Amino acid sequence: MNKIITLRIRWSNGDDYEVYLCKTHEIADRIIREWFAEYCTDNPSLEELEDYLFNKDIGYWEITEEIICE
């Protein structure tokens, strides 16, 4: 089965999520770090970054795996 990684990401003051379909988790990781680059100066783990952004009400994301049907 083929899977695709779905990344939904947004700023706290934004109304809608941006949706990215990624081939790998690494690509989703890179997109998250690009979005929140100003908060990644000390190269935090995604968990540390997520906790920081959530606690400061800056931004959010959700990653899911979906199965591609053929």
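A salt bridge here is a side-chain nitrogen of Lys or Arg within 4 Å of a carboxyl oxygen of Asp or Glu. Arginine 33 and aspartate 29 meet that definition, with their closest N and O atoms 2.8 Å apart. The model is a predicted one. Keep the cut-off in mind, as it returns below.

Start with the overall layout. The protein has two helices and three strands. Along the sequence they run β-β-α-α-β. The C-alpha atoms fill a box of roughly 40 × 25 × 15 Å along the principal axes. Of the 70 residues, 26% count as buried. The protein exposes about 5,200 Å², and carbon and sulfur atoms supply 46% of that area. Take the contacts with a separation of 6 or more: residues 24 or more positions apart account for 50% of them.

Now the charges. The protein carries 7 positive and 17 negative side chains. The centres of the two sets lie 3 Å apart. Side chains of opposite charge can pair when their charged atoms come close. How many salt bridges does the structure hold? There are four.

Two of these sit in helix H1, which spans residues 25-35. Arginine 33 and aspartate 29 are four residues apart in helix H1, so about one helical turn separates them. Aspartate 29 is partly exposed, at a relative accessible area of 22%. Arginine 30 and glutamate 34 form another bridge, at 3.2 Å from N to O. They too are four residues apart in helix H1, and about one helical turn lies between them. Arginine 30 is partly exposed, with a relative accessible area of 46%.

Lysine 3 pairs with glutamate 65, and their closest N and O atoms are 3.4 Å apart. Lysine 3 lies in strand E1 and glutamate 65 in strand E3 (residues 59-68), so the pair ties together parts that are 62 residues apart in sequence. Both ends are partly exposed: lysine 3 has 49% relative accessibility, and glutamate 65 has a relative accessible area of 43%.

Stay in strand E3 for isoleucine 63. This residue is partly exposed, with a relative accessible area of 31%. Which residues does isoleucine 63 contact, leaving aside its neighbours within four places in sequence? They are Ile5, Thr6, Leu7, His25, Ala28 and Ile32. Glutamate 38 lies elsewhere: isoleucine 63 and glutamate 38 are 25 residues apart in sequence and 21 Å apart in space, C-alpha to C-alpha.

Return to strand E1, which covers residues 2-11 and includes arginine 10. Arginine 10 is buried yet has no salt bridge.

What does the side chain of arginine 10 reach instead? Its side chain reaches the backbone oxygen of serine 12 at 3.2 Å. The side chain of arginine 10 also reaches the backbone oxygen of glycine 14, at 3.2 Å. Leaving aside neighbours within four places in sequence, arginine 10 is in contact with Asp16, Tyr17, Trp35, Phe36, Gly59 and Tyr60.

How values were computed. Residues are numbered from 1 along each chain as its sequence is written. This is a predicted model: local features need pLDDT of at least 70, side-chain atom pairs count only at pLDDT 80 or more; totals for chains, interfaces and linings use all residues. Side-chain values use heavy atoms; hydrogens and water are left out. Buried means under 20% relative accessible area, exposed over 50%, partly exposed in between (1.4 Å probe, protein chains only). Lys and Arg count as positive and Asp and Glu as negative; His and the chain ends are not counted. A polar contact is a pair of N or O atoms within 3.5 Å; within protein, one must be able to donate a hydrogen and the other to accept it, and residues adjacent in sequence count only if both atoms are side-chain atoms. Contact means heavy atoms within 4.5 Å. Accessible areas come from the Shrake-Rupley method with a 1.4 Å probe; for residues, only the protein chains shown count as cover. The place of a charge is taken as NZ of Lys, CZ of Arg, CG of Asp or CD of Glu.
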